[in-house]
Each structure stands twice: as C-alpha cells, then as structure tokens.
Amino acid sequence: MLYAYWYITKMKLLTGLAYRFEVFASVGTNLILMLASVFLWKAAYSGGTQQVNALNLQDLTTYTILSIMLSSVYVCGVQDTIYRKIRDGQIVTDFYRPIPLLACYLADDIGGMLSALINKVLPLFLFAALFFGVPWPSSGINLLLFIPCCLLSYGILWLLSALVGLIAFWVMEIGNMGMVKDSIVRVLSGSIVPLWFFPESVQTVSKFLPFQYTYQTPLGIYIGNIGTREALAAMGIQFIWIAVLFMLLAAGWKRTKTKTLIQGG
Amino acid sequence: MVSSIRHYASVAACFARLAIQRQLEYPLFLFSWLLMIPIQYFSGIWMLKIIVDRFQPLNGWDFPELTFLYGLGLISHGIFVVFFINTWHIDHMVIDGQFDRLLLRPMNVFFQLVASYVNFIGLIDCIPGIIIFIYGCQLVGFEWTFFNVIKFLLVLAGGVFIRAALFITLGTIAFWTKRNASMVGFALGMLERGTMYPLTIYPHIIQTLFTFVIPIGFISFYPAAQFLGKSSDGLQLPLSFALMTPAIGMVCFFLSQWIFRIGMKSYESAGS
C-alpha cells in the first residue's frame, strides 16, 4: 500500500528534476522577488531606524529570504490537479484507482516538494547567502522547532488547497478559485509583510484564521521573534486547524463522490 | 497605401470581434479573475501603506507619491495585457504548429500574431490600475491641465511599447528553443518590481540596468518622478529625460521587430 504512494512520489520527483529550463526560470523569478523585497526593507530601515516592533533589518532580511524559500517548497498542486482533471474528465479514470485519490495527490505533491528542495531551494539559499550573508536561525533550539512547525504549516496549506479544489466539483464554470485563495493567503499569511506590522484590528481577526499559522509562525520561530513556549502553543493551534480542515475535507469529499456519480450517470 | 491600411484595420476589427465573443461565451469563467486581480493589486498597495506607516517614506517617496507611481505602472500593464498578450504565447504557437498558419497568410506576421487575440479579460487589470492611479492623483494633487493630459497619454503609450518590446524579444527566443513560457513569469516579476516601486530603492547597478539596458525605468518611474517634481537622487539624470518615454518606447519597439524578423528566419516548423 505505502509502496504505491512512494512510487507516485518518486515519479513526481524524477519528472520535477527533468525540467531544467522551468527550474532555471523559477529560481530566477523567486530571486527577483527576494532581491526586490530585501531592498524594500533596506529602504524602510534606511536613515537611522534601528528597530520597529523589536525587529531589525537583519531579522526581516532573514524572514524574507526564508519566506521565499518556503513558498517554493510548499507545492500544493492539488487544487490545479483536481480542477484540470474535472475539466477534461480524467477524474473518472482516477476514481478507478484502488487507493484513495486524495492520498495519491498528496503523494504527488510531496514528490514535487522533494524535487523543489533540491533544485529550487538550494540554489535560492546559495544566492541569498552570496548577496546578503547566510540567513542563520536565531538559535539551535529555534531551528529544531522550525522544522516540525513547517511540516504542520504545509498540512494547513495543502488541506486548504484540497478544499478549494473541491469547489470545482460543484461550480467549475467560475474558473480556478485556487488563484483567488492563493492571493488571499499571500497577504494574510504574512509571507510578504509580517502581520506584526498590520493594524491591530487585522491582527486580532487574523488570530482566528488559519493563514498566519502557515508562514508567519514558522518564520517567526526561525528569527526568534516567537519564544519557545509561544511556539509550542502556536503548534498546538496548527494541530487544531489541521484537524478542523481535515474533517471539512473528509465531509466534502464524501458528498463530492456522489455528486460526480450523478454527473456521470 | 490607404487601401492596405483599411484592409488591415478591417481584419483587426474582425479578429477583435471574434476574440471578444469567444471570451464572453462563458462569462462566469471571468469570475475568478475578477476576484483575484483586484485582490492582488489592492493588497499590494495596502502593504506599501503599511510599510510607510510603520517605518518612513521610501527614499523620499511618501504614500501619495507611491500610489501615483504604482497606479501609473499598473495602468500601462493593463493596456499591454489587453493588446499584446499573444506575445506570451509564441512558444505554444511554435509547438502546436499554429505559427505555420500565420506564415501562409498574405499579411504581416507580427500584425496577425498580435491582432488575433485582443484580450478583453485584460480590462480587469485596468480596473484596479485606474482606481489606484486616480486615488494617487487626488492624494498628490495632480493637475489635469491639457498639457499634463497629453504628457500622461504619451507616457502611457511609451510604457506599453517598452513592455511590448521586452515580451516580443523574449518570445522570439522560442523560435530557437521552442519553449519560453517560464521566461514570461520571470519578466513579469521583474516588471512588477521595477515599475511599481521607486527605482531608487535599488542599488546603482540595478538602476543602471533598468535605465540603459532594459529601459523599464521609463515605463513609470522617471515619468512619475517628473510629474511629481522629484529628483531621482540615485542616478543623476536630467529630469527632461523622463519625457523620453515615448521615444524610447518606439526605438525599443522597432528593435524588437527587427529581432523578431531575425528569429523568424530560423523558425522551423515543429509539426510532424
């Protein structure tokens, strides 16, 4: 059973490594984003500003670099996969597979992540180190907390993606809602500008939404802006969100299947 | 001459009607774009406001001026996307063999390439652009005198031509490599960061690059600096330089046409 998933993961990993030209361009695009954001922060801190919200320029540089590396490793192809397969009808043959479909898509995305780690994150890290110095974590213990926190973040992002993908089963005429979700996540996750700088009211609302636990929490741990105890509490909240989203997905998926059968019948 | 222009115009109108009808066939399909594009750009300007509020003006550019710059860059992007989006798809056309079809018709190939797809959906990009620009004009107290309007329109046209020239040149690469789709994302990222933020926040080497090599500074930064009477304190350029946008746009455009023609010579049909 597990072997089947590993096979999917491995195939995706190998195809991911095969497309050199795409990788080159993706690294280039992310590099431009990274340079532009870091220079924007430099301009914001220029002329004597030392610390804002207990963060200095070095913290934000590290935050930005890591944020862009995370965004290229968090592969959530599932929303596009579902959308595409429903549009061209391939979803039917996928339902014939003897293993759970969503788990297949997850295995596929994990393969994408592994190849991205090698051919996107590594070059980005090297370029960042070259331009701005190595973005070290604030301490060893924070690095240890950062890694599990990133995995939980990915869980939230992937479940959100799969949920948005399900919308296509009902209303595929409205286009790919995944793009809409991505543009909301980009702002509210703190991936570009940390939410700590946002107005108080936005920060309060954001505490009750899953988004800030996808980028800001792990990155905050990495730069040491979130202490150990707070980090553990945040990881607890991440767990809760994963459980909630997972139940939503399971319920939605069950109803979706009957919906597809009706369409096909 | 006149009859040939009339012929081209009638073909362009026909193409445009077809393209718009094709895109309006599934109107609900636009829904996700209609949500996503405004979210993306309004949040972009919102984040600039957050940074300026918490920190300080960016190299002397305060929020009203940043809004003006951002809006100017975004409108020229929107107009570009309406008229020239097919320059993003040259590689598809080469691989599918659609490009052969253009070569067989007795008309200018580049004209057919561009005219055959008027991207009606691109108007969605213009909506946040126009709103942000007008808001920026209000904030900075931009005077809509006759002279200023003419200058604004010239700058806009020049900016669109600079963008078009860049993507035509990139698209030409597909004649040799057969693929360049990912270059489009790369160029878009560069254009967005280069035209919507003040160029002076970047190091001198990047400013030089974006002024003399890939002149995207002329799309919005130099014109905005002149409209607002700001010194471009990075590179010391005379301010009248900024109004060269239309001229630079035309030069780049003709250069890219020349490159496109060279590229077409090495085009070999990908069909089997």
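Here is a quick tour of the structure above, topic by topic.

This is a predicted model, where local features need pLDDT of at least 70, side-chain atom pairs count only at pLDDT 80 or more, and totals for chains, interfaces and linings use all residues. Residues are numbered from 1 along each chain as its sequence is written, while chains are lettered from A and ligands numbered from 1 in the order in which they are written. Helices are DSSP runs of H or I with at least four residues, numbered from the N terminus.

**Confidence**

- pLDDT is the predictor's confidence in each residue, from 0 to 100; chain A has a mean of 87, with 96% of its residues at 70 or more.
- Among the elements of chain A, helix α10 (residues 216-223) has the highest mean pLDDT, 93, and helix α5 (residues 91-95) has the lowest, 78.

**Helix pairs in chain A**

- Axes here are lines fitted to C-alpha atoms, for helices over the stretch in contact, and angles run from 0 to 180 degrees between N-to-C directions.
- Helix α7 (residues 140-170) of chain A packs against helix α8 (residues 177-188) of chain A at about 145 degrees, with the axes 9 Å apart.
- On the α7(A) side the contact is made by L160(A), S161(A), V164(A), G165(A) and I167(A), and on the α8(A) side by M177(A), G178(A) and K181(A); contact means C-beta atoms, placed from the backbone, within 7 Å.
- By class, the residues of the α7(A)–α8(A) contact are four nonpolar, three polar and one charged (Ala, Val, Leu, Ile, Met, Phe, Trp, Tyr, Cys and Pro count as nonpolar, Asp, Glu, Lys and Arg as charged, and the others, Gly among them, as polar).
- Helix α2 (residues 20-45) of chain A and helix α6 (residues 101-132) of chain A cross at roughly 35 degrees, and their axes come within 10 Å.
- α2(A) and α6(A) also make a right-handed crossing.
- Residues of α2(A) including V23(A), L31(A) and V38(A) meet residues of α6(A) including N119(A), L124(A) and F132(A), and the contact has ten nonpolar, three polar and one charged residues.

- Helix α4 (residues 78-87) of chain A has V78(A), Q79(A), T81(A), I82(A) and Y83(A) as its buried residues (20 or more other C-beta atoms within 10 Å; 12 or fewer is exposed, and in between is partly exposed).
- Their cover includes α6, α7 and α8 of chain A.
- Just after α4(A) comes G89(A), with a positive phi of about 80 degrees.
- L14(A), in helix α1 (residues 2-18) of chain A, is exposed because it has 11 other C-beta atoms within 10 Å.
- L14(A) and G111(A) sit 97 residues apart in sequence, but 8.2 Å apart in space, C-alpha to C-alpha.

**Cores**

- The largest nonpolar core has 125 residues, and those with the most contacts inside it include C149(A), W158(A) and I162(B); such a core is a set of buried Ala, Val, Leu, Ile, Met, Phe, Trp, Tyr and Cys residues joined through C-beta atoms within 7 Å.
- α7(A) gives the most to this core, with 16 residues.
- A second, separate core of five residues includes I90(B), V94(B), F99(B) and A174(B).

**Where the chains meet**

- The contact takes 31 residues from chain A and 30 residues from chain B.
- α2(B) gives the most to chain B's side, with twelve residues.
- That side of chain B has 19 nonpolar, eight polar and three charged residues.

How values were computed:
Helices (H or I, at least four residues) and strands (E, at least two) are DSSP runs, numbered from the N terminus. Two residues are in contact if their C-beta atoms, placed from the backbone, lie within 7 Å. A crossing is left-handed if the near helix is turned anticlockwise from the far one by less than a right angle, and right-handed if clockwise.
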